[in-house]
Every structure is written in structure tokens, then in C-alpha cells.
Amino acid sequence: MSLEDILESWRETAFAEWRPVTGLAVIGLALSVVYIVWQHYFTSDRWVFLLDNANLAIHEAGHPILGMLVPGLAVYGGTIFQLLFPAMFAGHFWRQRHGLGWSVALVWFGESLLNVGRYMADARAHELPLVGGGDHDWTEIFSRWGVLTWDTHIAGMIRLIGLCVMLAALFRAWKRWRSARVSAKERLIRGSGGGNS
Ligand SMILES: [Zn+2]
């Protein structure tokens, strides 16, 4: 397959129709976002059960895997993997034109950013329990970059970006539900117009 073929198939996908999102799914997604925001901004644990457990498992797998490929980058592997996974799901659903799957994957991506921010903010404080008792990723990374004293500021920015990604994903799901409703209504009007009148 040549590069042109790949670009052409991407173009075709980009203009293809998205599958509609149901109202119930939008409500479910909205409640999930509310729950995630509550856990991350209004509780001291800042932990979403199951989702952050999954993030942690993927994160821990990322260190040795990236470390095998490029030893110097092992410390970044955890964060890269826990963001790469939801991004790959989002890419898959984008190709499938699956509106709900795409939004769910992006909410996960945004939540994973909140989880990364939680860890970043701890770079100097060292209050979080570390899995395996190893080194603190962000103490190491921020020290390498010479920005350790900025840890809470950078964490705040990353958390804000995560929040925006989640809200944008929810907004898109709502828009897809609405446009599906509008086109259903239009079909109904056209149908009755062409009928017995
Ligand atoms: Zn780590």
C-alpha cells in the first residue's frame, strides 16, 4: 500500500458518516465525567476505582517495555503507555466512526491525564505510595529537566488539559446525539410530506 493509498483511505474515513450516539449513552457518559471530576478534584485520594487501577497496571508495564527498547527512556515508559492506550482506542473508534466509543476513549485519555497530574504534583512531596517502592518517576523526570520546583504548577496544567479533553469528548457525544435526532425528525417530516397530503 503506497502512502497515497493510505492518505486516500484516511480522507475517505474522515468524511464518512459517524454512527449516532443515543441519549442514554450521553447521560451515562456525563455521569461518568461528573464522577471522575468529583474523585479527582474533591476527594483526597484522587483515585477513580477500576479506571485508575487499569491505568496503574498499564503504567507499570510501560517502564520495562520502553526500557528494553531505549534504556534511558524507561522512566518515561509508564506515563507514555498509560496515555498511549486510550489514544489507540480513540484512533480505532475514529476509524470505525463509532461516536460513543470515540468519546469514551477520549474521556479515558483525559482521566489518565488527571492521574498523571496527580503523580506529577507529588514530585517533591512524596506522599503517594509507590508501587514496588521504586524511584519516583516525576522527581527523576523533573530533576532531569531542571523544573522540580514547578511540579505542582505543571501538574495543574496537565490536569486542566485532562479536564478539557473530557469535556470536549462529552460535548462531541452530545452533538452527535443531537444531530442524529435532528436528521431523524427531518426524515419524519419528509416522510409525512410525501405521504397522504
Ligand atoms: Zn512509574
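Val34 is exposed, because it has 11 other C-beta atoms within 10 Å (a residue is exposed at 12 or fewer such atoms, buried at 20 or more, and partly exposed in between, with C-beta atoms placed from the backbone). Keep in mind that this is a predicted model, where local features need pLDDT of at least 70, side-chain atom pairs count only at pLDDT 80 or more, and totals for chains, interfaces and linings use all residues. Residues are numbered from 1 along each chain as its sequence is written.

- Val34 belongs to helix H2 (residues 23–42); helices here are DSSP runs of H or I with at least four residues, numbered from the N terminus.
- From Val34 to Asn55 there are 21 residues in sequence and 19 Å in space, C-alpha to C-alpha.
- Val147 sits in the loop between helix H6 (137–145) and helix H7 (151–193).
- Val147 counts as partly exposed because it has 13 C-beta neighbours inside 10 Å.
- Apart from neighbours within four places in sequence, Val147 touches Phe142 and Ile154, where a contact means C-beta atoms, placed from the backbone, within 7 Å.

**Helix H1**
- H1 (residues 3–15) has 13 residues, which should span 18 Å at 1.5 Å a residue, and its end C-alpha atoms agree at 19 Å apart; the expected span is 1.5 Å times one less than the number of residues.

**H4 against H5**
- The axes of H4 (residues 74–96) and H5 (residues 99–120) come within 8 Å and cross at roughly 165°; axes are lines fitted to C-alpha atoms over the stretch in contact, with angles from 0 to 180 degrees between N-to-C directions.
- That makes H4 roughly antiparallel to H5 (over 145 degrees).
- The residues in contact include Leu83, Phe89 and Trp94 of H4, and Trp102, Leu106 and Phe109 of H5.
- By class, this contact of H4 with H5 has 13 nonpolar, six polar and no charged residues; nonpolar covers Ala, Val, Leu, Ile, Met, Phe, Trp, Tyr, Cys and Pro, charged covers Asp, Glu, Lys and Arg, and polar covers the others, Gly among them.

**H3 against H5**
- H3 (residues 51–69) packs on H5 at about 75°, with the axes 10 Å apart.
- H3 and H5 are therefore roughly perpendicular (65 to 115 degrees).
- Leu51, Asp52 and Asn55 in H3 meet Trp108, Glu111, Ser112 and Asn115 in H5.
- The contact of H3 with H5 splits into two nonpolar, three polar and two charged residues.

Key
Helix = DSSP H or I, 4+ residues; strand = E, 2+ residues; numbered from the N terminus. Parallel < 35°, antiparallel > 145°, perpendicular 65-115°, else oblique. Contact = placed C-beta atoms within 7 Å.
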